[in-house]
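Have the sequence and the 3D view handy as you read.

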Amino acid sequence: MSDSTTIKPHSPSSRMEVIASHILTSTTLNPSPMASEKEAAIAAAAAPPPADAPTIFDKIIKKEIPANIVYEDDKVLAFRDINPQAPTHILIIPKVKDGLTGLSKAEERHIDILGRLLYTAKLVAKQEGLDDG
């Protein structure tokens, strides 16, 4: 170069500092709509669904989602798991939950349905040739 100005090469760390500075400044002054959309998506995924939102099991009971049903009566539905973890893997669910969303939520008023689920397990086991359970 003919003038007296010397161009000094940037070290890798100073280049990163400059880039980081530009990124931080531009996103602080003019936040990207993509960033807010991403944050909203993350927040939505992390939030629990409304308590009255239909579950996959509700949709199976209503026949909105197909299932390989092996037993059904007015109180319970039994169907094969789509991702079995054993040679015979059948799910048995109550048709009316009455607040019973998990065993930890069981109350005395759920005794009848819990007993029905266990009895249905015995019937299905016999039907599947699993007489010993």
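## Before we start

This is a predicted model, where local features need pLDDT of at least 70, side-chain atom pairs count only at pLDDT 80 or more, and totals for chains, interfaces and linings use all residues. Residues are numbered from 1 along each chain as its sequence is written, and side-chain values use heavy atoms, with hydrogens and water left out.

Find Asp 81 in the loop between β2 (76-80) and β3 (90-94). Strands here are DSSP runs of E with at least two residues, helices are runs of H or I with at least four, and both are numbered from the N terminus.

Asp 81 is buried but has no salt bridge, and Arg 80, the nearest side chain of opposite charge, is 11 Å away. Buried means under 20% relative accessible area, exposed is over 50%, and partly exposed is in between (1.4 Å probe, protein chains only). A salt bridge needs a side-chain nitrogen of Lys or Arg within 4 Å of a carboxyl oxygen of Asp or Glu. For charge, Lys and Arg count as positive, Asp and Glu as negative, and His and the chain ends are not counted.

What does the side chain of Asp 81 have around it? One of its polar atoms lies 2.6 Å from the backbone nitrogen of Asn 83.

## Two positive phi values

Most residues other than glycine have a negative phi. Lys 63, in the loop between α3 (56-61) and β1 (69-72), has a positive phi near 65 degrees. Lys 63 counts as partly exposed because its relative accessibility is 46%.

Asp 98 sits in the loop between β3 and α4 (111-127), and its phi is positive too, near 50 degrees. With 43% relative accessibility, Asp 98 counts as partly exposed.

Methods. A polar contact is a pair of N or O atoms within 3.5 Å; within protein, one must be able to donate a hydrogen and the other to accept it, and residues adjacent in sequence count only if both atoms are side-chain atoms.
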